[in-house]
Amino acid sequence: MMSMFTRLASLKLTLFGILAVIVLAVLSNKGPELSIGWVVLPLAILSLNLLAAIVTNSTFRNQPALLVFHVCLLSVVVLLGIGLLIRFDGHFELTEGETFDPSVVQVTEQGAWHPSNLGSVSFKQGEIEVAYLPGLVRRDTRSLIAENRPGGRIRNVVIGDRVNANINGYRFMATFNKGLAVVVVWSDAFGNLQRGSINFPSYPEYEWKQVNTWTTPGGEEVKLELKPAAQIARDEAWVLRSDSVPFAIELKWGANPLRVLRLGDTIRLRNGMLRIEGLRLWMGYRIDYYPLLSWVFTAALFALVALAIHFQTKFWPARRPAQSTYTGGVMAHDGCD
Amino acid sequence: MMAATEKNLLIAAVSVLAIATITDALLRYRQRSSTAATSILIAAATLMLALAITVRWVREQQGPFLTLYDVLLSNLFSLGLICLIVYAVGPLLRVSTVVVLPFLVLVGLWLLSVPPDAVPLPATFDNSWLWLHVSSGKVFLGLCLVAAGSSALLLLDHFDLSGRHLRTNIQAGELDAAIWPVFALAFICHSFMLIAGAVWAYSAWGRYWAWDPLETSALVTWLAMGLLLHARVTYRQMPLPISWVSVVAIFILAFLTFFGLPFSSLAPHKGLI
């Protein structure tokens, strides 16, 4: 058993493992043929190799700083591995005045062991503001959300470029992706009302194509084009707010002539009436769940401090100047194999 | 007006570096001490570069982080400063100026040929981790340059290519012993650069690691440094020229990571640092 550990602890295996990680990382970057996931294999071998070395190699016991560095390094790899298994990454758009609905979240990545707690997250989107410098250079984003907390309490959070909302372990980040949404009220033949919003493409990035199609509850497909009343003054500082964009909506459906609708206008469509109730902003959010990152960070910092102490004792010993046993071709150091 | 001042300061700094290169080489050729003259000239060039950065900073209202011009300017300053510090505290490594100074002049000439355009720093990128990430990266590159310059000289000396006048400046055993502490310190700085970069990227664009070409190249550099440190410790019969070639190769990889990949890939890191 011990001899197996000793063989597994070989530093030659360490060098081979590191080389394998390098080769796989480079090859996977060259093209999509090789998945970066393969890097897990040499990392697992390196972890076992390091674990065996810590158990069997007396060098680690004789050099505590070196031991702490390698234990922390192993912890970083293990914590990152567990983190990948429980991670969650997704994105969604939310319009001012609407409540977060976990079912609209588009999942980008989800670990096999992710504890799905997203259903317990509840908040309402408040006012959104995005400041621009002259030249349409984006500066600060402010997105107010009201989180519903246990006991009926409300917590207001302003999400910005440097501030995220952490709710039940999930991190909500505002992205550069945001735009305008028209709020409409649909009234069916029985007078039942339905309120909703139709999001247009990212604004002002796609100012020139603010178009979307929508199928009404009456089953008719309509094409809506948002027409801001004035173009953005690109040479001035500016704040994007929903009330800062006077607008009209051009509506096309079937073979009917184009209709221009403004705030409060109503139009009869198949099986109901559509009313334009207002213009709002929507914000694109990213959600992620990486609860172990603070531990990874702590382990990495400990590793770094331990490595610094190890190098300090090795290269700058307290009373002995740095020495080299240079022999014109070979240099001897303390071994650990 | 401020742009012209910045340009003039840069031309002056690169000229002073060129003078330092020639002065250092001539004094070494004549077997005379170059310490005072070289250190004063490097200090003068570094001061001019600091002034150029200040002028640019005041004009653009942001630090030099984004464009190739920004990266070259800030690195020329940090490389000069680190070489100056190493020059002051490590007498054995002073001979590395024979390689380091011409390299700095080449970087300076490259800088003068690049358009000094500025790109606004996105609000999400602007936090203290960016500073820590970039600063540790610059210290790493500076230390790696000194180690690589010294290794290159040892290689020249080993293959009898250094010439009689330079050979007397190189004390091979001591210089080799002096390289490894610097290389180890560079490894620590590189490690911190990766940690700070991950924290910064997590807050700036939501991913602590994305395997983009720049991140991969930085990791490969770190692994190669770890590999070399292990190999140097383990294989006691490892030929020294191979370890010196490895140090030079690692510096070349780091140089390409800093000045090549961010401006040639379409990954999110493009032009950020």
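**A sheet in chain A and its surroundings**

Modeller: Happy to! Let us start with one pair of strands: strand S4 of chain A, residues 137-149, pairs with S5(A) in the antiparallel sense, over 8 bridges. Please keep in mind that this is a predicted model. To find the pairing on your screen, look for A:Asn148, which stands opposite A:Ile154 in S5(A). In general, strands of a sheet pair through backbone hydrogen bonds, in either a parallel or an antiparallel way.

Now widen the view. The pair belongs to an open sheet of 4 strands in chain A, in the order S5-S4-S3-S11, with antiparallel pairing. At its edges are strand S5 (153-160) and strand S11 (238-240) of chain A, each of which pairs on one side only. On average, neighbouring strands of this sheet are turned by 15° against each other, direction ignored.

Chain A has 6 helices and 15 strands. Its radius of gyration is 30 Å, well over the 20 Å that the globule rule gives for 337 residues, so chain A is more spread out than a compact globule. Along the principal axes, the C-alpha atoms of chain A fill a box of roughly 90 × 50 × 45 Å. Of the 337 residues in chain A, 26% count as buried. Among contacts in chain A with a separation of 6 or more, 58% are between residues 24 or more positions apart.

For the surroundings, turn to the largest nonpolar core. This core has 110 residues, and those touching the most other members are B:Ala13, B:Leu143, B:Cys144, B:Ala147, B:Val182 and B:Ala186. Helix H7 of chain B (residues 172-204) gives the most to this core, with 22 residues. Apart from it lies another core, of 39 residues, including A:Leu118, A:Ile159, A:Val182 and A:Ile249.

Leaving aside neighbours within four places in sequence, B:Ala13 is in contact with B:Ala45, B:Met48, B:Leu49, B:Ala52 and B:Gly108. The other is B:Cys144, found in helix H5 of chain B (residues 128-158). B:Cys144 is buried, because 29 other C-beta atoms lie within 10 Å.

Conventions. Residues numbered from 1 in each chain as written. Chains lettered and ligands numbered in written order. Predicted model: local features only at pLDDT ≥ 70, side-chain atom pairs only at ≥ 80, totals over all residues. Core = buried A, V, L, I, M, F, W, Y, C linked by C-beta atoms within 7 Å. Buried ≥ 20, exposed ≤ 12 C-beta atoms within 10 Å, placed from the backbone. Helix = DSSP H or I, 4+ residues; strand = E, 2+ residues; numbered from the N terminus. Contact = placed C-beta atoms within 7 Å. Rg over C-alpha atoms; globule rule 2.2 N^0.38 Å. Pairing = 2+ DSSP bridges. Axes fitted to C-alpha atoms, helices over the stretch in contact; angles between N-to-C directions.
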